[in-house]
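The sequence and structure come first.

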Amino acid sequence: MPSDTNTPEFTPGYRALLRNREFAGLYAGFTLTVGASTLSGFALGTLVDRSTGSPFLTAVSMYGATFATVLGATTLMSVADGSRPRRTLVALQCVALAGACAQAAPGMPLAARFALLLLLGFFQSLNTGTRMGLLAEVVPASAYVPARSLMNITAGGTSVLGFALGAVLLRHLTPQGLFLAAAGLTAAALAVTAATVRERSIRPPRRPGLRETWATNAALLSRSGPRALLLNLWVPNGLIVGCEALFIPYAQEDAGLLLAAASGGMLLGDLTVGRLLSAAWRRRCAFPLRLLLAVPYLLFALHPPTALAAVAVFLASAGFAATLPLQERLLALTPEQVRGQVQGVESAGRMTWQGIGAAVAGATAQLLSPATTMTVLAALSVAVTVLSRPYVDRPRALPTAPRSPRR
């Protein structure tokens, strides 16, 4: 990571970050990629819904790729820390472009589309790990949290705009037309990445592969501190996403108000923690924010009216910003040569647990009421946060990852 000449308490602003050409390129490429993924998911969901009429298959088509990220995290994530990360990132963007173009082909069987969806999810996890590994080298340590905050805010806003734009475009285009629009955004992301990101020369030569990935993952999960950090980044987040998945059955026609409150709370939390708090305050607020993420949902045990429920959801969603100080702490514990892989594993696990949380919530709500299910999930989230706190507060750094023997 570049040396940080600023004082530890200094937090760069978003405009200062965007004056860094490489960060601006990573950020623009990331934004375009999120927009492309949103349009592509919306197009595939629409196509599947029109073809099958199945809500389950439609949901899987829009979000099922998150489960493929686990395969990437456990097999080839070490490519994120190769000595030529720019070349790797450009190659992965080319794969994403080819996949978006392939989905635009008319007449493709649904089974082939789902297989392609999982394949692209696998490569997307490697893309994320490589991009975040580069981010840790492109910006100084004091700018890492603001950089992640800006990317989180943009991803949320881009997703909302992407779904809205997709709905408008579908009045004039077929789903194949949306796939082509997604391919255009992916091509733009590829061009921006290739033009702005430079090859990093500070990484040691290493041979990424299955053995390298397993060795680093084993070192990561064998330490109680990093393991507790990952647990707190994955499980409470996923359980509360499960609560959000029940907004429609809980509030019916008023579910839009709860979804809007959740988006507003996330935006406020990321802005506050990422831009306004110093590093010291972020450390102090990490545990209270993890509790805030879940405690307001305990109110659903009383079946509150929609207006009060929206206030609770808004407050709780601000707690998603606990991800930022936890990611900052995990980065500080990670050796430079495996930062991309560790961040890729963290991102893949978080996305997978969001899918697990939604699935568990949906299955439980078949037996219990939505309000009771949300209360139970929130209580579990609080329990995980409280019981793992001693390990999160006293983590130990990972050892340098062993290298695979050269042949």
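## Basis

This is a predicted model, in which local features need pLDDT of at least 70, side-chain atom pairs count only at pLDDT 80 or more, and totals for chains, interfaces and linings use all residues. Residues are numbered from 1 along each chain as its sequence is written, and side-chain values use heavy atoms, with hydrogens and water left out.

## Helices α5 and α8

Helix α5 spans residues 85-103 and helix α8 spans residues 175-196; helices are DSSP runs of H or I with at least four residues, numbered from the N terminus. Their axes come within 8 Å and cross at roughly 170°. Axes are lines fitted to C-alpha atoms over the stretch in contact, and angles run from 0 to 180 degrees between N-to-C directions. The angle makes α5 roughly antiparallel to α8 (over 145 degrees; under 35 is roughly parallel, 65 to 115 roughly perpendicular, the rest oblique). The crossing of α5 past α8 is left-handed, that is, the near helix is turned anticlockwise from the far one by less than a right angle.

Contact means heavy atoms within 4.5 Å. On the α5 side, the contact residues include R86, L89, V90, Q93 and C94; among those they meet in α8 are F179, A182, A183 and T186. The residues of this contact divide into 14 nonpolar, 4 polar and 1 charged, where Ala, Val, Leu, Ile, Met, Phe, Trp, Tyr, Cys and Pro count as nonpolar, Asp, Glu, Lys and Arg as charged, and the others, Gly among them, as polar.

## Helices α10 and α15

Helix α10 (residues 224-244) packs against helix α15 (residues 323-333) at about 155°, with the axes 10 Å apart. The two are therefore roughly antiparallel, and α10 passes α15 in a left-handed crossing.

P226, L229, L230, N232, L233 and N237 of α10 meet T323, L326, Q327, R329, L330 and L333 of α15. By class, the residues of this contact are 7 nonpolar, 4 polar and 1 charged.

## Cysteines

The structure holds 0 disulfides, taken as pairs of cysteine sulfur atoms within 2.5 Å. C94 is partly exposed at 38% relative accessible area, whereas C243 is buried at 0%. Buried means under 20%, exposed over 50% and partly exposed in between, with a 1.4 Å probe and protein chains only.

## Surroundings of T69

T69 lies in helix α4, residues 65-75. With 3% relative accessibility, T69 is buried. Leaving aside residues up to four places away in sequence, T69 touches G121, S125, A348, M351 and T352.
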